[in-house]
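I set out to record a helix packing, a strand arrangement and several individual residues. The entries below follow the order in which I looked them up.

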Amino acid sequence: MELFEILCGIAVVILALYYFLTSSYDFWKSRGVRGPRPIPWQVYVGDYLAEMYNTYKDPMIGIFDRKTPVLVIQDLDLIKDVLIKDFSVFANRGMPTSEKADPLSQNLFHLEPKRWRPLRMNLSPVFTSGKLKEMFSLISECADNLVQYMEKVVSENKPVECRELTAKYTTDVIGSCAFGIEMNALSDEDSEFRKMGRKVFNPTGIRMRIRQMFPWLYKLFASYVLPQTETTKFFTRVIVETMDYRETNNITRNDFIDILRELKKHPDKLGDIDLTDSLIAAQAFVFFAAGFETSSATISNVLYELALNQKIQDNLREEIDEMYAKHGRDLTYDNIKKMDYLDKVFKETLRKYPPGPMLMRKSMSSYTFDGTKVSIPKDQKVWIPVYAIHRDPDIYPKPDVFDPERFNEETVRNRHPMAYLPFGDGPRNCIGARFAVSQSKVGLVKILRNYKVETCEKTPIPYVNDPRALILTPKGGLHLKIIKINRP
C-alpha cells in the first residue's frame, strides 16, 4: 500500500510539473499565429530559429522559450517597426537584472529603459570616430604585440587555436584603450583578466541553470543562497580601485573609466538614478566582456574563411600590401577605413557568423503589428532571428558560400536595410560597434601582412555551432595552420 501511495505521489508531481511547463502552450494558437509544436526543453537557439525560419515562411511565428511564449518576427518591414519606427514600445530587451543576485547584470546591454537611456547618452562619447582616432595608436601597438607573440606560436609548428589567440589580443586592446590597464593577456599566460574572460563566457553550474529555468526564483533567493561569483568580485574590485587610484593621483586619460568617474562626481546627469559602485562596475564589465569576445570570435572566423578561400585571402593581402607600399608602416584610422576589400570581407564574415544569433525585445505596452491582425500584450517577448535572416537564400543566394562581393555598393543599396543586423539597429544598437570594427580590422591587417593561414587536420569542416556557447562558436575550437611570410 505504501509503495502504491509513493508511486501515486510521484505521478502527481510529474503531472503537476508537466502542466506547469505546458500550461501556456495554447497562447499563440488562440491568437492565430502559427508555430512549431512546443517542446519543454531547450535546444541551441541559433540553429533552432533557422530551422523554424525555413519551415514557416510567415511574417511572424509563435514559439516557446521553455514555457514562456515568444514571438519571432521574420518580416523585414515589421522588424524595422520593432527596432526603429516603434522603438518606444520595444525599448526594453526584457532581460532580468538584479543588484543583489547579480550586480554585474545591471549593465547597458541588460538595463531597462529608465536607466538605459541616460547611461547610453552619457557613455556614447567614448565611441565617436574622434575618440577612435585617439585610441588608434594603442590598438596598433597591441596588434604589433600580437604579431610578435605569434612568432613564438608559429615556431612550434602546431595547429593554432585561433579563438584563444585572438581573445588575448582583444583583451589587451580593451584594457589599454578603455581602462588604461595593462592586462598582459599576450605576454602572461596566467593573466587574471584572460582567466576572468574565459569564466564569463563559459558559465556553468547551478547558478546558471537556476537563472535560465527559474529567473524569478533566482532573482528572489540567489543573493541569499549563492555567494557572489569570482568574476563579480574581481571586476568590482578592479574598477573601484582603478577609479580611486586615478582620483588620488590626479590622472586623466579621457577614456571609459574617466567618463564613469565624471558620472560619479556629477550623478545629476543621470536624473534620479542611484549611481552605486556596482552599477558603475557593471558598465565597465559589459564593455570588457562584449568588447573582447565578439571581436575575437569575428577575427577568428575571418581567418577561418580565408583559410578555406585562398584566392580571397590573396586578394585581401594584395590590398594590405598596396596600403603599406603607399603609407609605409605608419597606419592610421583613416587608412584602414579606406580599405574597401577588407571591409567587404569583414562584413561577409559577420553575415555568415553574427556573434549573437538573435535580437531580443519586450513590449512595454500592448501592440498591434502594422498590416496584420496580430496583437500582443504588454511584456511580450519578441525575438528577431538574425542568424536565420543572414542565411536566407532569398536574400543571400547560396548563403553557405563566402562571397565578399555581396557587400559592394550596388548590392547593398538594393537590399533591405534590415537584412543585415550583426550590430542590431535603431537606438538600442551596439554602442561599441565602431570600436569592435576598428580593433578587428587592425588586428587582421597586421596578422595577414605577416602570416598566411591554411586549414589543417584539426580545422572544423564543416563548421558546427557549439550549442553551449553564448557567442557563435564552432564545436571543439577553431584550429588553423599559420605560416610566417618572409619578406625581403
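These are my notes on the model, which is predicted.

**Entry 1: helix packing.** I began with helix H7 (residues 192-200) and helix H12 (residues 277-308), whose axes lie 11 Å apart at an angle of about 80 degrees. Angles of 65 to 115 degrees count as roughly perpendicular, so H7 is roughly perpendicular to H12. I then listed the residues in contact: H7 contributes Phe193, Arg194, Gly197 and Val200, while H12 contributes Phe285, Phe288, Ala289 and Phe292. By class, this contact consists of 6 nonpolar residues, 1 polar and 1 charged.

**Entry 2: the pairings of strand E7.** I looked next at strand E7 (residues 381-384), which runs parallel to strand E2 (residues 68-73) and is joined to E2 by 3 bridges. Within E7, Val382 has Leu71 opposite. Strand E4 (residues 359-362) also pairs with E7, here in an antiparallel sense and through 4 bridges. On this side I found Met360 opposite Trp383 of E7.

**Entry 3: two positive phi values.** I checked the backbone for residues other than glycine with positive phi. Asp379 has a phi of about 70 degrees and sits in the loop between strand E6 (375-376) and E7. Its relative accessible area is 44%, so I noted Asp379 as partly exposed. Lys398 has a phi of about 50 degrees and belongs to the loop between helix H16 (386-390) and H17. Lys398 is exposed, because its relative accessible area is 64% and the cut-off is over 50%.

**Entry 4: a cis peptide bond.** I recorded a cis peptide bond from Ile461 to Pro462, with omega near 5 degrees. Pro462 is in the loop that lies between strand E8 (451-454) and strand E9 (479-484).

Entry 5: I consulted the UniProt record, an unreviewed entry, which lists Cys430 under "binding site". In the model, I located Cys430 in the loop between helix H17 (409-413) and helix H18 (433-450). Cys430 is partly exposed, with a relative accessibility of 33%. Setting aside neighbours within four places in sequence, I found Cys430 in contact with Arg120 and Phe423.

**Entry 6: Glu182.** From Glu182 to Thr171 I noted a separation of 11 residues in sequence and a C-alpha to C-alpha distance of 9.6 Å.

Conventions:
Residues are numbered from 1 along each chain as its sequence is written. This is a predicted model: local features need pLDDT of at least 70, side-chain atom pairs count only at pLDDT 80 or more; totals for chains, interfaces and linings use all residues. Side-chain values use heavy atoms; hydrogens and water are left out. Axes are lines fitted to C-alpha atoms, for helices over the stretch in contact, and angles run from 0 to 180 degrees between N-to-C directions. Angles under 35 degrees count as roughly parallel, over 145 as roughly antiparallel, 65 to 115 as roughly perpendicular and the rest as oblique. Contact means heavy atoms within 4.5 Å. Ala, Val, Leu, Ile, Met, Phe, Trp, Tyr, Cys and Pro count as nonpolar, Asp, Glu, Lys and Arg as charged, and the others, Gly among them, as polar. Two strands pair if DSSP finds at least two bridges between them. UniProt positions are given in the numbering used here, feature names are shortened, and annotations may be inferred rather than shown by experiment. Buried means under 20% relative accessible area, exposed over 50%, partly exposed in between (1.4 Å probe, protein chains only).
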